[in-house]
Amino acid sequence: MAEGADHTAAGSTVDRERLEHLLDRAELSRLLDRLADRLRRGRPLTGTLRLSEATAAERMTLAALLGRAPGQGRTLSVTLEDLEEVLRRAGAAPDLAAAVEVLRGPVAADAAEQARTERAWEELFGAASDWAVPPLDAWLAQLRGDGLLRRLAGGDPDVAARLLEQARAVITRLPAGGLPRSVLAGQAVGDSHALDDGRPLATLVLRAVPLLAGADPEEVTPPGDGPSAADHGTPDPHGEAAARSARWSAVGVRTSALAGPVVTLGLRSVDGSATSRALAALAEEGEPAALTLRQLLGDAPRWRSGEVFVCENLAVLETAAERLGAACAPLVCIDGWPSRAASTLLRDLAGAGATLRYHGDFDWPGLRIANDLHERVAATSWRMRVPDYRGAALRSNRPLRGAAVEALWDPRLGAAMLATGVRVEEELVVDDLLDDLAG
């Protein structure tokens with residue numbers, strides 16, 4: 001056996017040194033304890049695990065491990081499939097269960113507890129079949145067959161039972177006659193955010209919508225349940241968002257056209273609409289403007305051609321407003337994955353002949369966003385090539401985490417980032433970006 005290697009019961013090899021480097025930290029101790037407890041109770045290490053009262057250290061450590069932004073709030077959510085993929089790609093462990101057993105010792109499942117859990121699942125689906133009349137019987141069969149309900153409930157039958165009852169309360173109110181989604185959620189389950197994108201209840205209800213509309217159960221694929229072929233396995237939040245919105249609309253549920261505005265600076269259009277007048281006034285004063293999807297669809301400006309810079313992080317636009325003000329070149333901030341408003345604005349700008357130049361974080365999520373914009377709106381690189389990265393990497397000590405991504409506009413960039421192993425937030429190069437924005 002190689003030094004530092006352990007073998008699981010199934011014979012799979014774990015690289016203990018790598019595994020300890022990744023997971024054996026005080027900040028991840030609670031997470032490991034919860035995973036061990038799941039194994040002990042015979043529950044799968046799949047779905048989402050939530051840690052309440054999360055500390056800043058826990059957030060930062062897990063975010064660095066998964067290659068994502070730390071997030072906010074009191075509850076820390078971890079998608080266990082993502083965590084397992086990090087361990088597998090790093091060559092640390094073949095799966096989460098093997099990793100937990102190496103770090104916490106062998107965890108024997110309680111056979112009696114596991115049997116009780118399985119009986120609870122059988123009872124749950126049996127009770128639901130009493131009210132899930134066609135076409136909801138096909139929906140229930142799908143949830144049981146592919147394990148979606150188990151994943152959304154974290155393997156807990158009690159959580160699953162509550163989710164099913166909430167889904168029933170929503171579905172019985174469909175079609176909703178144009179009711180806003182948040183109002184429907186509030187009336188059905190007492191939580192106006194329960195049907196927000198990404199929430200378990202929203203995922204369950206959206207799975208049922210096509211069946212309610214008469215679709216063939218064999219042809220129903222929920223938005224977000226699988227990778228987009230268009231970007232080779234990277235989730236496509238724009239296509240998924242559009243699909244979700246279309247499904248809600250099909251059952252008379254209205255999603256907000258005011259949520260998720262896109263922030264701009266120095267952006268002007270060529271018509272006299274109210275939105276265009278507001279943009280011109282703010283650009284004249286060097287102040288940022290927030291454009292909603294409602295404005296972009298209902299009072300759509302006619303855009304100018306020419307060069308428009310696009311950044312990923314609000315701090316860049318805020319700094320540009322403070323230092324350059326009205327002298328700043330047209331700038332759009334997408335603030336992470338673009339919202340529907342940001343996607344609409346960039347699409348319309350590109351359609352008007354504008355040249356979009358994009359800069360984001362030098363990390364794998366940043367490259368995924370850049371690839372998406374490169375494909376959808378022909379965005380070109382703005383200081384996002386190998387020489388730019390190598391110079392910027394000298395200013396950072398943040399480790400690069402997560403699954404590698406190839407940059408479509410510069411195939412050498414991903415390899416250079418892997419070799420250097422450093423991530424660079426956009427804020428570290430803000431002075432260079434401002435030089436371009438100042439013209």
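**A short note on this predicted model**

1. Let's begin with helix H10 (residues 181-189), whose buried residues are Arg181, Leu184, Ala185 and Ala188. They lie on the same side of H10, because they cover an arc of only 100 degrees around the axis, the arc being that of the directions from the helix axis to the C-beta atoms. Buried means under 20% relative accessible area, exposed over 50%, and partly exposed in between (1.4 Å probe, protein chains only). An α-helix has 3.6 residues a turn, so residues three or four places apart point the same way. Just after H10, glycine 190 has a positive phi of about 80 degrees.

2. A word on the basis: this is a predicted model, where local features need pLDDT of at least 70 and side-chain atom pairs count only at pLDDT 80 or more, while totals for chains, interfaces and linings use all residues. Residues are numbered from 1 along each chain as its sequence is written, and side-chain values use heavy atoms, leaving out hydrogens and water. Helices (H or I, at least four residues) and strands (E, at least two) are DSSP runs numbered from the N terminus.

3. Now to strand E3 (residues 48-51): Leu49 and Leu51 form its covered face, Thr48 and Arg50 its uncovered one. E3 pairs with strand E4 (residues 76-79) in the antiparallel sense over four bridges; pairing requires at least two DSSP bridges between the strands. Leucine 51 has leucine 76 of E4 as its bridge partner.

4. How far to trust each part? The average pLDDT (the predictor's confidence in each residue, from 0 to 100) is 86 for the chain, and 89% of the residues score at least 70. Confidence is lowest in strand E1 (residues 5-7), at a mean of 53, and highest in strand E11 (residues 354-359), at 98.
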